[in-house]
Amino acid sequence: MTLPVGGTLVPMLFAFDAIHLTNFSGDGKVWPLYMSIGNIKSSVRNRPTFHAWVLVALLPSSPKRIKKVPGW
């Protein structure tokens, strides 16, 4: 597959990191998925005030498993 004349290829960057929600309701975590365009300078992209990263999704993670207690 080739790009047509005058076409542009735009690289997309994706990033995620765990966020701890609370200690009181089962140690919940969520993984936000962010997207940015790859042809933005990293000095610009990494500044929060430029809003170069866009939230795409929130991926939930399951809570910690409780160890089975003998007799239950």
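Modeller: Before you start, this is a predicted model, where local features need pLDDT of at least 70, side-chain atom pairs count only at pLDDT 80 or more, and totals for chains, interfaces and linings use all residues. Residues are numbered from 1 along each chain as its sequence is written, and side-chain values use heavy atoms, with hydrogens and water left out.

Biologist: Fine. Where is the place of N39?

Modeller: N39 is in the loop between β3 and α1 (42-45). Helices are DSSP runs of H or I with at least four residues, strands are runs of E with at least two, and both are numbered from the N terminus.

Biologist: Why does N39 count as exposed?

Modeller: Exposed means over 50% relative accessible area, buried means under 20%, and partly exposed is in between (1.4 Å probe, protein chains only). N39 has 57% relative accessibility, so it counts as exposed.

Biologist: Which residues form an aromatic pair, and what makes it edge-to-face?

Modeller: The whole-structure search gives 1 aromatic pair. That pair is F16 and W31, at 5.6 Å centre to centre with 65 degrees between the planes. Rings of Phe, Tyr and Trp (its six-membered ring) pair if their centres lie within 6.5 Å; planes under 30 degrees apart are stacked, over 60 edge-to-face, and the rest tilted. So F16 and W31 pass on distance and land in edge-to-face on angle.

Biologist: Where do F16 and W31 sit in the chain?

Modeller: F16 is in strand β1 (residues 12-16) and W31 in strand β3 (residues 28-37), 15 residues apart.

Biologist: Why is W31 called partly exposed, and what is F16?

Modeller: W31 has 29% relative accessibility, so it counts as partly exposed. F16 has a relative accessible area of 55%, so F16 is exposed.
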